[in-house]
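Trainee: I would like to learn how to read a model like this one, feature by feature. Where do we begin?

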Amino acid sequence: QRLTACTVVHTMGAYACQRKTPLEHHNTIFTDALLLLAENAELCANEGRNVAFKRAASVLKALPRPVRQMEDLQGLPCLGEHSQRVIKDILEHGGSSEVEMTRQSEKYQAMKALTGIFGVGVKTAERWYREGIQDLADLVTADLKLNREQQTGVKYYDHLNMPVTEAEARTIGQIVEKAVHALLPGAEITLTGGFRRGKKTGHDVDFLVTHPEEGREEGLLPKVMGWLEARDLLLYQKINKNSYLEAKEWPARPSSNMDRFERCFSVFKLECPWAASEKSNQSGESPSWKAVRVDIVVVPFSQLAFALLGWTGSQLFERDLRRWAAQEKGMSLNSHALYDTKRKQYLRASSEEEIFAHLGLEYIPPWERNA
Ligand code: ATP
Ligand code: MN
Ligand code: MN
C-alpha cells in the first residue's frame with residue numbers, strides 16, 4: 001500500500017480499551033451531536049442504538065486531529081451508516097437536522113427532565129410521560145406516591161442538577177476521610193469515577209474505601225454513615241449490603257455492570273464556606289449549603305485493583321473492557337475479579353497495570369479512559 005502525503009492511516013482498535021481517549025479532544029461538534037442521539041436512544045430504552053452512537057462518538061474523541069472531510073474517517077471502526085450521515089450533515093451544513101429535531105422534541109425534553117430527578121429511571125419516566133407528566137412541576141402537581149429516593153430527588157432537584165466541582169469533590173473527600181479514620185484508623189480512601197479520570201466536574205463524587213488487613217473493613221459503612229448523620233452532614237443515604245459472600249452463581253453474569261460490594265448511595269449536605277460568610281440567610285433564600293450526590297463503596301483489599309478499574313469508568317470503557325475479556329480472551333471481568341474461563345482459574349492482581357497485562361492490553365491510565 002502506497003502512502004501519499006495526505007493519507008492518514010488509522011490503526012485504531014475497535015474496543016475502547018485499546019485506545020487512549022483524553023478528556024479534551026478535537027471533534028466536539030461531532031461528538032456532541034452523536035452523544036445527543038445516544039442519549040435519546042437511551043431515553044427510548046433502545047440500548048443497541050445508544051451504544052452504537054456512543055461507540056461512534058468515542059472513536060472521534062480518540063482522533064489526534066479534527067475531522068475535516070469524510071475521507072478522514074477511512075479505516076476507522078464503529079462508524080455505522082447512521083453516524084456517518086450525521087457527521088456528513090455537520091460537515092456540509094454545519095449541523096444535523098436530525099439532532100436539532102431530536103433536541104427540540106417534546107419527548108426528549110420531558111424524558112430528560114424526568115430522568116434528571118435522582119431515583120427516576122427510564123421506565124418510571126416513560127410511565128409518567130404517558131400519563132402526561134413532562135417536568136418537575138407536573139410531577140409535583142400530580143401528587144404521585146414517590147419513594148424516599150425520588151422524594152429526595154424532587155426536594156433537591158436544583159442542587160443535584162448543578163455540576164459538582166473538583167473543589168467540592170476534594171472537600172467531600174476530606175469529610176469522608178475524617179469519618180472513616182475516626183472509625184477505622186489505617187483505612188484507605190480513593191477518589192474514583194469521573195474525577196479520577198481528570199474531569200473538572202461531575203454529577204456525583206465516587207469513593208472506594210478499603211483496609212490493608214482484609215476483613216477489617218467489614219461493618220464499616222453503617223458506622224461511617226452514622227457518624228456523618230450524627231453531624232448533620234447527610235440529607236439522604238441508602239446502604240446496599242454486600243451480596244458477594246453469599247452469591248453462589250458468581251461469576252455467572254460477567255457482563256452485568258452491577259457489582260456486589262457493600263455501598264452507599266447518598267446525598268451530602270455540603271457547607272459552602274463562601275455562603276456561610278455572606279449574609280445569605282437574611283432574605284431567607286439560598287441556603288449556606290449544597291446537596292451533593294456521593295457514592296461510597298467498601299472493598300475487601302484483595303479486590304481493590306478490580307474495584308478501582310471497575311469504578312473509574314468511563315461507562316463505555318468498562319463495557320469494552322468486559323467485552324474484550326470475554327470475546328478476545330475467554331475471560332470474565334467484573335469489579336471483583338478476573339476469571340480465566342478456559343483454565344478455570346482466577347487471575348490475581350494488586351494493581352490496574354497487572355489487570356491490563358492479564359488481558360493482553362497496553363496499560364491505559366485513568367485520564368485516558370474518557371471513552
Ligand atoms: P459523573 O461525572 O457523571 O459522575 P462517572 O464516570 O463518575 O461520571 P458514575 O455514574 O458516577 O459516572 O459511575 C462511575 C463508575 O462506576 C462507572 O465506571 C460505572 O461503570 C461504575 N458504576 C456506577 N454504578 C455502578 C453500579 N451500580 N455497579 C457497578 N458499577 C457501577
Ligand atoms: Mn461519578
Ligand atoms: Mn457514581
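**Reading the model**

Mentor: Of the 371 residues of the protein, 47% count as buried. Keep in mind that this is a predicted model.

Trainee: How many helices and strands are there in the protein?

Mentor: The protein has 16 helices and ten strands.

Trainee: What does the radius of gyration say about the protein?

Mentor: A compact globule of 371 residues would have a radius of gyration near 21 Å, and the protein has 22 Å, so the two agree. Along the principal axes, the C-alpha atoms fill a box of roughly 70 × 55 × 40 Å.

Trainee: What share of the contacts is between residues 24 or more positions apart?

Mentor: Among contacts with a separation of 6 or more, such residues account for 67%.

Trainee: And the surface: what part of the accessible area belongs to carbon and sulfur atoms?

Mentor: These atoms hold 50% of a total of about 19,400 Å². As for charge, there are 48 positive and 49 negative side chains, and the centres of the two sets lie 4 Å apart.

Trainee: Now the strands. Is strand 6 mostly covered or mostly uncovered?

Mentor: First the general idea: in a regular strand, side chains alternate between the two faces of the sheet. In this case, strand 6 (residues 262-271) is mostly covered, with eight of its ten residues buried.

Trainee: Which strands pair with strand 6?

Mentor: Strand 5 (residues 234-240) runs antiparallel to strand 6 and is joined to it by six bridges. In that pairing, K238 stands opposite F265. Strand 7 (residues 289-298) also pairs with strand 6 in the antiparallel sense, over ten bridges. There, R263 stands opposite V297.

Trainee: Which phi does D143 have, and where is D143 found?

Mentor: D143 is not a glycine, yet its phi is positive, about 55 degrees. D143 sits in the loop between helix 7 (136-142) and helix 8 (148-155). With a relative accessible area of 65%, D143 is over the 50% cut-off and therefore exposed.

Trainee: And K344: buried or exposed?

Mentor: K344 is exposed, at 64% relative accessibility. K344 is another non-glycine residue with a positive phi of about 55 degrees, and lies in the loop between strand 9 (338-340) and strand 10 (345-347).

Note on methods: Residues numbered from 1 in each chain as written. Chains lettered and ligands numbered in written order. Predicted model: local features only at pLDDT ≥ 70, side-chain atom pairs only at ≥ 80, totals over all residues. Heavy atoms only, no water. Helix = DSSP H or I, 4+ residues; strand = E, 2+ residues; numbered from the N terminus. Rg over C-alpha atoms; globule rule 2.2 N^0.38 Å. Buried < 20%, exposed > 50% of the residue type's maximum accessible area, 1.4 Å probe, protein only. Contact = heavy atoms within 4.5 Å. Areas by Shrake-Rupley, 256 points an atom, 1.4 Å probe, with all protein chains shown as cover. Lys, Arg positive; Asp, Glu negative; His and termini not counted. Charge placed at Lys NZ, Arg CZ, Asp CG, Glu CD. Pairing = 2+ DSSP bridges.
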